[in-house]
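Q: I'm new to reading protein models. Could you walk me through a couple of features?

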Amino acid sequence: MAITSANQLELLQTAEAVAREKMIDPGLVVEAMEESLARAAKSRYGAEMDIRVSIDRKTGRATFTRVRTVVEEEELENYQAEMTVQQAKQYMADPQIGDTYVEEVPPVELGRIAAQSAKQVILQKVREAERDRQYDEFKDRAGTIINGLVKREEYGNVIVDVGRGEGILRRNEKIGREAYRPGDRIRCYIKDVRRETRGPQIFLSRTDPQFMAELFKMEVPEIYDGIIEIKAVARDPGSRAKIGVISYDGGIDPVGACVGMRGSRVQAVVNELQGEKIDIIPWNEDMPTFLVNALQPAEVSKVVLDEDAERIEVVVPDEQLSLAIGRRGQNVRLASQLTGLDIDIMTEEEESKRRQAEFEERTKLFMDTLDLDEFFAQLLVSEGFTNLEEVAYVEVDELLVIDGVDDSTAEELQTRAREYLEEQARKALARAQELGVDESLINFEGLTPQMVEALAEDGVLSLEDFATCADWELAGGWTTVDGQRQKDDGLLEKFGIDLAEAQNMVMTARVLLGWVDPDDLVTEAEEDDAEAQTEEAEE
């Protein structure tokens with residue numbers, strides 16, 4: 001086709017129609033037309049020429065121009081698009097390097113192939129503009145609920161029309177065995193919006209825990225207003241869920257508000273989630289108390305929290321064990337997700353057996369090391385003594401409260417304990433020296449001979465070796481591998497060294513070696529204190 005006055009106006013009309021249909025800027029469509037016409041002109045005049053096309057936004061008139069740039073003589077490479085200063089003098093009065101000479105060239109007629117190529121360029125530009133528009137519209141809506149219409153199902157994935165775009169609900173994001181037909185209305189949670197080569201991808205979910213939280217926000221005005229906050233959600237999609245809530249208004253019961261009159265509010269959420277049973281639990285900052293609530297309807301006898309290991313031990317009556325664990329471990333699994341802690345559940349009988357085993361183990365320790373009879377050793381354990389160090393270095397008054405123990409007996413007990421510990425220390429030091437431990441490590445303050453022996457057996461033989469250790473290598477820690485938490489044993493963990501102590505010891509070693517400036521440590525400590533005070537003030 002030729003760009004004539006007959007179809008000049010048609011260009012603008014077409015651009016506006018396409019822009020209106022795709023809901024994009026008409027200027028982008030006109031730019032795409034200019035690019036496609038310039039490409040067609042290059043195929044007519046020569047690919048090396050710098051041909052540009054400008055379409056008048058009012059009249060639709062397309063102007064074809066050839067542009068040549070003035071360059072240094074030695075840089076001249078493309079004779080069709082560049083020229084030297086000398087060559088430019090025949091066209092320009094005072095040409096300078098970098099100047100451009102623009103001349104209008106006759107419009108070209110688009111043949112069938114060129115017209116098809118121009119159409120492809122326009123369509124590509126329009127698609128890119130449409131993708132940008134879709135991404136900009138939906139990127140800020142991630143984390144919200146959207147209503148849509150099912151368009152089709154592909155390999156178990158549901159394609160959803162969400163208005164000005166399409167979302168995908170993957171097979172594993174559907175609840176149970178949900179089946180949808182084209183035209184069905186569907187409510188989903190926008191889990192993520194990503195810009196990909198094939199356009200923005202809107203990923204939807206109905207199994208995400210936050211989908212339930214957003215549903216409650218829609219049904220419970222107090223949550224929407226911020227009076228009640230959802231602190232934690234755990235779901236077994238389509239089966240059961242637990243949700244922890246807290247009220248910032250003493251006059252409003254968070255659980256009652258979420259349940260609603262005759263259960264109307266929670267029932268609306270349950271219906272949307274295909275009958276998923278929901279336990280609404282009052283949140284408590286005290287984690288053991290919150291866990292007791294989270295394990296409902298099971299009763300809990302005792303809770304022991306290990307904050308360092310992020311584990312919690314729960315003791316329940318024998319008849320409550322199956323209820324606490326739930327069908328296929330569902331109840332305890334959801335409680336674990338809700339609290340973020342690994343939960344060990346045992347019955348009162350199992351705990352009693354374990355306590356008895358610990359009692360017997362400590363009794364035997366005192367019998368073997370202090371040369372005591374069984375009855376006297378049991379007395380020590382019953383009074384709370386767990387190791388020899390406690391017996392050796394405790395205040396004498398604490399031994400005198402034991403029946404049958406007078407001053408001379410207490411002194412004899414402590415003497416035996418200290419002699420045994422000193423003998424063990426001598427053996428440990430001799431073993432460490434056999435392994436080649438350096439005196440710098442032996443004399444390092446805070447390390448006992450037994451600790452030095454344990455380090456030496458792992459190849460830590462000098463203060464330099466010790467200074468290169470990480471705190472978790474000494475105190476132990478936890479890592480997550482394939483979603484499972486695994487324990488990393490520390491070299492000094494069995495001696496009761498925690499992460500803070502390990503870090504302090506390592507930093508002290510580095511200061512002694514001159515690796516770290518002690519003034520820097522003081523500055524860091526002051527900064528940490530300032531940050532802690534700021535956080536406390538904000539709270």
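Q: At roughly what angle do the axes of helix H12 and helix H13 cross?

A: Two packed helices are described by the angle between their axes and the distance between the axes. Here, H12 (residues 348–370) and H13 (residues 374–382) cross at roughly 125°, and their axes come within 8 Å. Helices are DSSP runs of H or I, at least four residues, and strands are runs of E, at least two, numbered from the N terminus. Axes are lines fitted to C-alpha atoms, for helices over the stretch in contact, with angles from 0 to 180 degrees between N-to-C directions.

A: Bear in mind that this is a predicted model: local features need pLDDT of at least 70, side-chain atom pairs count only at pLDDT 80 or more, and totals for chains, interfaces and linings use all residues. Residues are numbered from 1 along each chain as its sequence is written, and side-chain values use heavy atoms, leaving out hydrogens and water.

Q: Which residues of H12 meet H13?

A: Contact means heavy atoms within 4.5 Å. On the H12 side you'll find Phe359, Arg362, Thr363, Phe366, Met367 and Leu370; their counterparts in H13 include Glu374, Ala377 and Leu380.

Q: And in what order do the strands S10, S11 and S12 sit in their sheet?

A: Strands of a sheet pair through backbone hydrogen bonds, either parallel or antiparallel. This open, mixed sheet runs S10-S11-S12; pairing takes at least two DSSP bridges between two strands. S10 (228–236) and S12 (277–282) each have a single partner strand, so one side of each lacks a neighbour in the sheet. S10 and S11 (residues 240–247) run antiparallel, joined by 8 bridges, and Ile228 has Ser247 in S11 as its bridge partner.
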